[in-house]
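Student: Hi! Could you walk me through this protein with me asking questions as we go?

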Amino acid sequence: MKYLSVASAAAAISVASAHTIFVQLESNGVTNPVSHAIRTPSYDGPITDVSTNDLACNGGPNPTTPSDKIIEVKAGSTVNAVWRHTLTSGANDVMEASHLGPTMAYLKKVGDATKDVGYGSGWFKIQEDGYTNGAWGTSKVIKNGGIHAITIPDCLADGQYLLRAEMIALHGAGSPNGAQLYMECAQINISGGSAKVSPATYSIPGIYKQNDPGLLINIYQMTSASTYTIPGEIAPRPPRAGDPRLIPKRKTD
Ligand SMILES: [Cu+2]
């Protein structure tokens, strides 16, 4: 096991470009085309400065293309964000296996999802998968052919939202700004929500700090018993039976 972790550390150093993109969204049993209603970049690189506006919906070093499409989503349903190494990669080429870290998803209610800039206040987290019994969230997505399942809460108000799916790779996170953050924003219209809950919201950028314990971390010192603190607040809401978002209490600071 020792040998394996040293080998994967070496692989992480030698692989510079096996990044990833949230390329398409499956909703209502429909697999929408690549870049349909998603602001996809032409380059698959990460955002590493968590203080930039590019942390919301990518951009900056990875220029994104706008979309005039909106995807219909039923409140309470589970959608799949599909991750691929590039816009043309298949399910066997999701991301370099060395890219270990958490997966997350956020929503932001907007007036016009095709026009909203994304960055700024209004974001709330609806899904997170960090490190459990030695398994990272990103590894599960890679093994699952790039499928990142996200349950849309049934308690939200109807209307247009940006859905921000994120994977964070921590193979270089032992030094400041070494974490690689991958995210894209899909433009969705939620219907059928009960509007019973107005979640607490946060700003992106702002929700992460460079020295968050989940972003500045040497993952090669971890064992399967280690705990990992996922970055970004997740607002509590009244649970309902069978809710996959019922997440065990974790340490925050
Ligand atoms: Cu990478």
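What follows is a chat about this predicted model.

Student: How many helices and strands does the protein chain have?
Tutor: The protein chain has three helices and twelve strands.

Student: And what is the mean pLDDT of the chain?
Tutor: The mean pLDDT is 90, and 86% of the residues reach 70 or more. Over residues 1–16, though, the pLDDT is below 50, and that stretch has nine contacts in the model beyond near neighbours in sequence. Residues 245–249 also have a pLDDT below 50, with five contacts beyond near neighbours in sequence.

Student: How should I read coordinates where pLDDT is low?
Tutor: Where pLDDT is low, the predicted coordinates should not be read in detail.

Student: Okay, on to the sheets. What is the order of strands in the open sheet of six?
Tutor: The order is β3-β11-β10-β5-β6-β12, and the pairing is mixed. The edge strands are β3 (71–74) and β12 (202–204), each of which pairs on one side only. On average, neighbouring strands of this sheet are turned by 50° against each other, with direction ignored.

Student: How many bridges join β10 to β11?
Tutor: Eleven bridges join β10 to β11 (residues 180–191), and the two strands run antiparallel.

Student: Next topic: what is the order in the open sheet of four strands?
Tutor: That sheet has the order β2-β1-β4-β9, with antiparallel pairing. At its edges stand β2 and β9 (147–151); each has a single partner strand, so one side of each is left without a neighbour in the sheet.

Student: Speaking of buried, what share of the chain's residues is buried?
Tutor: Buried residues make up 40% of the 253 residues in the protein chain. The largest nonpolar core has 60 residues, and those with the most contacts inside it include Leu25, Trp83 and Leu163. In soluble globular proteins, nonpolar side chains tend to be buried together.

Student: Which residues is leucine 25 in contact with?
Tutor: Leaving aside neighbours within four places in sequence, leucine 25 is in contact with several residues, among them Asn32, Ile71, Val79 and Ala186. Across the chain, residues 24 or more positions apart account for 76% of the contacts with a separation of 6 or more.

Student: Now the backbone. Where is the cis peptide bond?
Tutor: The peptide bond from isoleucine 204 to proline 205 is cis, with omega near 5°. Proline 205 lies in the segment after β12.

Student: Which residues other than glycine have a positive phi?
Tutor: One of them is serine 35, with phi near 75°, and another is alanine 195, with phi near 60°. Serine 35 is in the loop between β2 (30–31) and α2 (54–57), while alanine 195 is in the loop between β11 and β12.

Student: Why does alanine 195 count as exposed?
Tutor: Because alanine 195 has 11 C-beta neighbours inside 10 Å, and the cut-off for exposed is 12 or fewer. Serine 35 counts as partly exposed because it has 18 such neighbours inside 10 Å.

Key: Residues numbered from 1 in each chain as written. Predicted model: local features only at pLDDT ≥ 70, side-chain atom pairs only at ≥ 80, totals over all residues. Pairing = 2+ DSSP bridges. Axes fitted to C-alpha atoms, helices over the stretch in contact; angles between N-to-C directions. Buried ≥ 20, exposed ≤ 12 C-beta atoms within 10 Å, placed from the backbone. Core = buried A, V, L, I, M, F, W, Y, C linked by C-beta atoms within 7 Å. Contact = placed C-beta atoms within 7 Å. pLDDT = per-residue confidence, 0-100.
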